[in-house]
Each structure stands twice: as structure tokens, then as C-alpha cells.
Amino acid sequence: MIVTVGNTKGGVGKTTLALNLAVARALQGRDVWLIDGDRQGTAQTAITIRSESGKQPAIACAHYPDGSTLRAQVQQMGPKFDDIIIDAGGRDSTALRAALILSDVLVVPFAPRSLDVWALNDISSLVKEARAVRDGLRVIAMLNNADPQGHDNEDAAAAVADFPELEYVPTPIRRRKPIANAAGQGLSILEYTPKDAKGVEEMAALVTAVYA
Amino acid sequence: MTNIKRRPVNQTADAFINGAPDAAATTATPAKSIRKVGNQVAISLAMPPELLDQIDQAAAASNISRAAFIKHALSRAVVSIDG
């Protein structure tokens, strides 16, 4: 299955989530290929740190910021892997569009902030365009960097209803320092020590929702 | 038949992918565009107006066109460099 973590808005935690999804699937014994479609290449940097530390399971990673290359490589090499996770950068790009053509599922992370919610309009339009040229793209919007408490999470979730292209899944990932710390070491929250039980629970729920 | 047409969309996946703002930056394009005119290629060339005047006078003296004169002069120049 090909899953893209993408949003035309930057800074919503795509790379961290892509890394977590990739590790989660690898921990389930699947052959995983993480594709970094962002020019910044931070997902690849994280995986490099992971590889150099010798952390198992190892994850294959490639960096294809060019959409045509990404598409061609996935079409050619994709069948060798059980799961492909694409981290498509935080802007409208050929890589994001190629990912929209290839993917089974698009995960759209957004923070419970007005600017994030407004920006859903852009990715929603792009999804609509993608669906005009292909069938069967499932698109789920999920809260990332959600507040530990308060009503903003619910308000933001309710706002997704304005975008018929997006299906809201109630599996928020709250703002947790260990998730960011783990990513900096090329690790998922699932394998981070000291164990963050709530973080693990939230991530596991998201994985289940994505691969349902 | 309906007169109400759907909003046009990019018809193919390739068109969709290359519709991204960064597409131009990543698509290989020739450094210079070359326009063909019949069997020849057309180029754009800037020169000082005084030189153009001299060319035109010389061409008129030889009773040939400006283009013919320039091509004739340049082919001689190329031959002398090659030779």
C-alpha cells in the first residue's frame, strides 16, 4: 500500500508522521520504503541517523524531490516493497502531485489553528484535481500537534466538514516533546525510551486508521 | 446535449503533475530556444547601429540583401578560421 503524508501547508509535522508510519509498519515485519519528496530532505536525514546508529528494523529511504522521477521510481521499484510511505513537502510541488497520483491513501495532518484550517482549502482543491485524473484515492485529515486540552481540537475537527474531499479521522496526535525528540534520532515514538505510553497509544490508533 | 460544461481539468496524470509551481524549475529545457525558418534557423543578434549602417551600405554596393551579405561575410570568416 502506498501512503502519502502531505499538505500544501508546511510545518504541520508531515515528516515526523511519515517516519512514524514507516517505522510502525516495519515493526510489524513489513518491508518499508520511505520516500522523501521534500527538497529539504529531512526525512532522509532522519533515516541516515537511524542507519548510522544501527537501529533495527532498517528502513529503505530515497529522496525524489522531482515528481516525474518519483513517479517513475515508484512504478518501477514499488512492487519490491510491502509498504511505501511518501513524505511530500509542504507546498504544491510535482512531488506532491505525483504522490497524489500514486497513493492509495493521503494523510493530511493539520494543527488546530485557524491558519492550518484555512490552508486545508488548498490541499482540498488539489485532491479534487487529482481525483479528476484517477480513481480510488482515500484522503484522511487528522489533527497533529493537537492541544493537550481545550476546545480548539474539536472546533478544528468540525471545520473539516467544510471540505467534502477530506475525511476526518478522530485519531489526533497531541503535541508531545518525545515524538519530536525521537524523530531527531530517526526513531518512532513507538520505539523511544523512556516510553511515552500516551504517545504510543495515539500513534498506534493513527496507524490503525490509516491502514484500515 | 447540454450546454453546461464541466470545468476543464488537466486530462492526464502527467499534465497534473507538471502543473505544479516547481515544475518549470525541474523540467530540463534547452539553454537557448532555436526557431526554424524553412531549412534555416533564425537567431536574434544585437549590434551597434553604426555597424548595421556600414553593413547595409556594403550590401547595397554589392547589390545583395542585408541577410545575404551577413551570411556571406560570416561564411568567409568561418572558413578563414577553419583554414
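Author: Buried area is the accessible area that two parts lose on being put together, summed over both. In this predicted model, chain B and chain A bury about 1,300 Å² between them, and 63% of that area lies on carbon and sulfur atoms.

Reader: How many residues of each chain are in contact?

Author: The contact involves 15 residues of chain B and 18 residues of chain A.

Reader: How many salt bridges cross the interface of chain B and chain A?

Author: A salt bridge requires a side-chain nitrogen of Lys or Arg within 4 Å of a carboxyl oxygen of Asp or Glu. By this rule there are two across the interface of chain B and chain A. One of them pairs Arg71(A) with Asp14(B), whose closest N and O atoms are 2.7 Å apart.

Reader: Which elements of chain B supply at least two residues to the side that touches chain A?

Author: They are α1 (13-17) and α2 (23-26) of chain B. α1(B) gives the most, with four residues. By class, this side of chain B has seven nonpolar, six polar and two charged residues.

Reader: What volume does the largest pocket have, and which element gives the most to its lining?

Author: The volume is about 410 Å³. α4(B) gives the most to the lining, with five residues; β2 (40-42) and α4 (66-82) of chain B are the elements that give two or more. The lining residues include Val37(B), Ile43(B), Met47(B), Arg66(B) and Lys71(B). By class, the lining has nine nonpolar, one polar and two charged residues.

Technical notes: Residues numbered from 1 in each chain as written. Chains lettered and ligands numbered in written order. Predicted model: local features only at pLDDT ≥ 70, side-chain atom pairs only at ≥ 80, totals over all residues. Heavy atoms only, no water. Contact = heavy atoms within 4.5 Å. Buried area = accessible area lost by both parts, 1.4 Å probe. Nonpolar A, V, L, I, M, F, W, Y, C, P; charged D, E, K, R; others polar. 1 Å grid on protein atoms, 1.4 Å probe; cavity = no way out; pocket = protein on both sides within 12 Å on 5 of 7 lines; lining within 4 Å. Points joined across faces, edges and corners; volume = space filled by probe spheres on them.
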